[in-house]
Amino acid sequence: MSIIYNDYFFDFLYGTDKRLNFMRGGGGSGKSTSLHQFFCIDKFIQGNHLEILIVRKTMTSLRLTAYRKMVDLLKDLLGDKGFEYNKSEAWVKLGTNLMQFSGLDDSEKIKSTEWDYIFAEELTDFTQDDFSMLNLRLKRSGSGHPQLFGAFNPIDAFHWVKTEYYDKPTDRMAFHHSTYRHNPFVNEETKENYRSLKEQNLTLWKIYSEGEWGSLESLIYSNYDIREVFPEHFDEVIYGYDFGFSNPSAIVKIGILDNEFYIEEMLYETELTSTKFVDRLGSLGIDKNAQQFGDSNRADYIDEIYNAGYNVKGADKRAGSVIEGIDTVKRCKLHILSSSLNLLKELRAYSFKKDKNDHIIDEPIKFNDHLCDAARYSLFMYMQHGQPKVYLV
């Protein structure tokens with residue numbers, strides 16, 4: 001397997017000797033891929049006596065992203081027998097080097113540890129206390145000097161990453177900025193999606209296309225809170241599906257208790273055919289008898305799910321149904337599980353369009369909305385057809 005490095009990132013990665021390294025970028029910039037290559041090849045394979053920590057806010061999201069990508073990359077480069085790995089403990093070993101993967105939802109596991117390098121994915125998901133704890137875990141040993149690298153989209157101009165680090169730089173910090181233009185492997189459809197944001201919502205374009213700090217003012221949903229745990233039992237459970245291939249397919253599970261709605265992200269994955277999607281339903285333990293609603297424009301997916309024995313229906317997608325569905329969801333009392341990071345990221349950016357005079361238009365931006373759509377399909381259909389219309393907010 002030949003590896004193609006992106007010099008725009010590797011010039012920075014090779015050149016920085018700072019303890020804290022912040023890699024801010026828009027969508028599709030390639031920062032995560034370059035960091036995976038850097039830690040997998042240049043540190044883990046080519047290093048000596050190194051201990052590397054790869055971390056995200058939750059272990060579930062880490063297993064689906066960095067852990068899977070790192071193991072697949074190592075298999076491509078070294079073969080299945082070329083290194084040791086333990087899936088349940090989420091580590092890989094090669095010679096004297098260790099790479100450990102950990103979520104901060106179980107931070108006790110790393111509070112007494114020390115590392116040569118730390119890579120924090122989706123840094124803006126972390127609290128400032130999380131970051132301070134990671135900084136304390138850096139040690140000086142085989143690396144010569146310990147370093148922490150954090151990658152993120154700059155979604156909030158008032159986030160602690162900006163106010164406490166970007167606005168207060170020291171000689172222990174280095175900063176890197178990237179956009180999709182720095183990634184030669186981005187396809188034209190993705191490029192056009194980022195460019196088109198400028199005509200829909202200037203702030204969203206600034207964040208996701210240009211990788212600049214911004215604060216969104218036209219957010220669609222604010223009627224939710226975040227819960228660390230959910231009730232053990234619900235009056236009823238329903239599911240919502242959004243289908244994609246190059247874009248992620250998405251599944252949400254919604255528990256209903258006393259007319260309040262508890263939403264959990266179950267799936268957020270690209271390149272799923274209808275057959276693979278059905279396989280995921282089985283592995284996730286989706287109750288076949290529960291009410292399930294999906295994008296009716298993808299009849300091939302709906303049919304295959306139904307033929308596999310699941311109680312699925314296509315969502316109402318007539319003219320005006322999107323705004324009607326949004327209005328329905330906005331009147332419901334929502335609770336989001338804290339580990340549902342992709343869902344929370346979508347909710348924090350899901351915005352209405354603006355016209356050329358910066359006036360809000362009653363139409364959502366069609367961008368990074370897969371889990372939001374899945375939730376809207378299920379809640380709208382359930383509230384319209386599944387039970388009496390009871391609104392709580």
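How are H2 and H3 oriented to each other? Keep that in mind. This is a predicted model, where local features need pLDDT of at least 70, side-chain atom pairs count only at pLDDT 80 or more, and totals for chains, interfaces and linings use all residues. Residues are numbered from 1 along each chain as its sequence is written, and side-chain values use heavy atoms, without hydrogens and water.

Now the helices. Helix H2 covers residues 31-45 and helix H3 covers residues 59-78. Their axes lie 10 Å apart, at an angle of about 50°. Helices (H or I, at least four residues) and strands (E, at least two) are DSSP runs, numbered from the N terminus. Axes are lines fitted to C-alpha atoms, for helices over the stretch in contact, and angles run from 0 to 180 degrees between N-to-C directions. So H2 and H3 are oblique to each other. Oblique is what remains after roughly parallel (under 35 degrees), roughly antiparallel (over 145) and roughly perpendicular (65 to 115).

Who touches whom? Contact means heavy atoms within 4.5 Å. Residues of H2, including Leu35, Phe39 and Phe44, meet residues of H3, including Ala66, Met70 and Leu77.

Next, the sheet. It is open, with 7 strands in the order E9-E15-E12-E11-E10-E13-E14 and mixed pairing. Two strands pair if DSSP finds at least two bridges between them. E9 (224-227) and E14 (312-314) stand at the edges with a single partner strand each, so one side of each has no neighbour in the sheet. The twist averages 25° from one strand to the next.

Strand E13 (residues 292-294) runs parallel to E14, joined by 3 bridges. There, Phe293 stands opposite Lys313 in E14.
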